[in-house]
Every structure is written in structure tokens, then in C-alpha cells.
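These are my notebook entries on one protein chain, written while I looked up its parts one after another. The sequence and the structure come next, and my entries follow them.

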Amino acid sequence: MRRTRLAGALTAVIALALTATGCGGGDTPAAPSAAGAAAAPDRVEPLPAPASPRLPVTVASADGRRVTVDSAERIVPLSGSLSEIVFTLGLGDRVVARDVTATFEQAADLPVVTRAHDVSAESVLSLRPTLVLAESTTGPAEAVAQIRDAGVPLVVVPAAKDLDDVGTRIDDVAAALGVPASGTALRERTAERIDAVREKIPAHADRPRVAFLYVRGSAAVYLLGGAESGASSLLEAAGAVDAGKESGLEKDFTPITSEALAAAAPDAILVMSKGLESVGGVDGLVKIPGVAETPAGAARRVVSVDDGVLLNYGPRTDRVLASLVDQLYGEGK
């Protein structure tokens, strides 16, 4: 329960930051090493031959219910990650609203009716959805219950934690939409692309120690990721060591201190692009107590990935992984 609350709080902070700084993916981080990462994941790539939903279907929801879906004509995904999957399955033309964390271009013109853990049931219901997709961490619970009590089919998908969740999430969403074959095709395409990125990791490269820092200068939030941050799986897939996890941080996030950073001793620092911008780029990041004294801070070695995709664990995760690999092992690294 504690982990869920912490993860929920982090998601809410991310949503607030995206609201304050805009939802586009076109930020230009201050560090040269980050330039390619922020610009790449602006669009999703739908399947070339999307199928039409075959409904009704009855599916298992992560809240323990069985939900019957009769129509997928008006879909409201309550997170950016779920929106990404729906659009990539080729059903984006049926989505009628978005969460603020849906930052890709195809969703840009949709009305924002939710902000992660600030779901507005009234706004959702005003769009007459025939299907609502939620995460197991979506809230508040009262809003979710209000949507369900209005008679709208609401399917809950387990929150993503690591790379192993990618295929399962795609299958769950595809099943609820009545396009299981498309789900299989997307799952296989995504897995193949992730495997292809892994093959590009230099075989004899030293494993860099990378610390995931969640920073929001405007909100004075400075956190060091641990074993449950959500980034460990990506870092390990990129051939790196999660420095926070390796230093003994077992929970998701802990406040940044000089002592914690010294114990983590990262060779590189991973941040979200808007977080890097919020502290004034690399110049501001190294002013956070303890950062400049790490090997990463001394070398100003910062890896930046767009907020909207870093921890989504979905169809664009291969791009996230490719960006990490390129920034960690590219020329001159």
C-alpha cells in the first residue's frame, strides 16, 4: 500500500509539472548528450493494418471485476501510457479525451479531462464514453467509482513496473478493445524492437553506474530513485547498473542528500527532460547538494529522456531504451 501511495504521489507531481511546462515533446535540454532523447518520441507509430473491434467482450479488470465492453466508439484512457497503446493499436480516432501525460502529437488536440491522480469524473462523463481505461493507480477512488456507477464500462490495467509488463499491458488493452490479434502483433513488434536495441550494446563495455534523479525545481522536489523507482529495469536492459538500487535503496524514491549520492557514486545521471529544464539545465543540476561531487556531476554526464515516455513501458519503450544506449555508449562517452 505504501508503494502505491508513493508511486501515485510521483505520478501526480509529474502531471503537475507537465501542466505547468506544456505537454509537447519538443524541449531542448541544456546538455548536449540529452538533445536527441527529448525530440525523438513525439509521435506514436500505429500498426500498418489495424483491425476493427469485435465486440462485445468480457474481460478481467485488475480491480477484480469482470467487465463487459459493448462498444469502443468513444474511448477515454485515463493515462498517457494507455492512450499510447490505444493509438498504436490503430484506434486513436476513437479516443475522445486524454490525460495531461499523453504528450505525443496525435493526441495533442484532444481535450484534457484528467491529470493522473486528479481524475474529473464529470469531465469524463460529459464526453459520453463507451469505454474508460484506467491504471490500478488511477484516482481518486471516488471519481473512478462515479464513472463506473454511471454505467460506463471501466477496465483497470495493472500499473507498469518494468520491461516484463510491456507485453501484458498491450494484451490487456487490446483484449478490452476487442482486437486481440492486433495486440499480439504489437506485442511481438515491440519485443523485437527492444531485442534489437539490446543487441547494439557494446559487448565489452564497462557497466556504467546510473542514478535516476527525479527533480522538479519549481516544486522543490529532489529525489533519488531506488529499486522500486521504475527505472531499474530500463537501466539494466541498457547494460547499466542502477546506482541507487545498488547502493541499497530498496524503496522507490528517497530525498537527495550528499550522503545518498556519495553512496550511489553514479557515473551518469538520468533525468526527465522537463525536470532538467526546471532546475536550469546541467548548470542547475550540479548545484543540487552532492551532485557535483559524484563522478557524473564532475564529468557533467547527464542522460535525459522525455517525461511522457520514460516510465510508460509501452510501444515506444524501444525508443527510450535506444536513447539510453546511445547516450551511455555513443561516440565520445
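Entry 1, terms and source. I take helices (H or I, at least four residues) and strands (E, at least two) as DSSP runs, numbered from the N terminus. The model is predicted, and local features need pLDDT of at least 70, side-chain atom pairs count only at pLDDT 80 or more, while totals for chains, interfaces and linings use all residues. Residues are numbered from 1 along each chain as its sequence is written, and side-chain values use heavy atoms, with hydrogens and water left out.

I looked up V100 and found it in the loop between strand 4 (98-99) and strand 5 (112-114). Is V100 buried or exposed? I call a residue buried under 20% relative accessible area, exposed over 50% and partly exposed in between, with a 1.4 Å probe and protein chains only. V100 counts as buried because its relative accessibility is 2%. I also noted that the C-alpha atoms of V100 and G80 are separated by 7.1 Å, although the two residues are 20 apart along the chain.

The axes of helix 3 (residues 80-91) and helix 6 (residues 165-177) come within 10 Å and cross at roughly 65 degrees. For this I used lines fitted to C-alpha atoms, for helices over the stretch in contact, with angles from 0 to 180 degrees between N-to-C directions. On the side of helix 3 I listed S81, L82, I85, V86, L89 and L91, which meet R169, I170, V173, A174 and L177 in helix 6. I recorded the residues of this contact as nine nonpolar, one polar and one charged, counting Ala, Val, Leu, Ile, Met, Phe, Trp, Tyr, Cys and Pro as nonpolar, Asp, Glu, Lys and Arg as charged, and the others, Gly among them, as polar.

I found three strands forming an open sheet in the order 3-6-7, with parallel pairing; two strands pair if DSSP finds at least two bridges between them. Strand 3 (75-77) and strand 7 (154-157) stand at the edges with a single partner strand each, so one side of each is left without a neighbour in the sheet. Strand 3 and strand 6 (residues 131-135) are joined over three bridges, and V76 stands opposite V132 in strand 6. Helix 6 packs on the sheet, touching strand 3, strand 6 and strand 7, and its direction makes about 160 degrees with that of strand 6.

Which residues have the most contacts inside the largest nonpolar core? They are L89, L133, V173, L177 and L270, in a core of 60 residues. By such a core I mean a set of buried Ala, Val, Leu, Ile, Met, Phe, Trp, Tyr and Cys residues joined through side-chain atoms within 4.5 Å. L133 touches V76, L82 and V173, among others.

Strand 12 pairs in the parallel sense with strand 8 (residues 209-216) over three bridges, and with strand 13 (residues 302-305) over four bridges.

Definitions and conventions. Contact = heavy atoms within 4.5 Å. Lists of a residue's contacts leave out its neighbours within four places in sequence.
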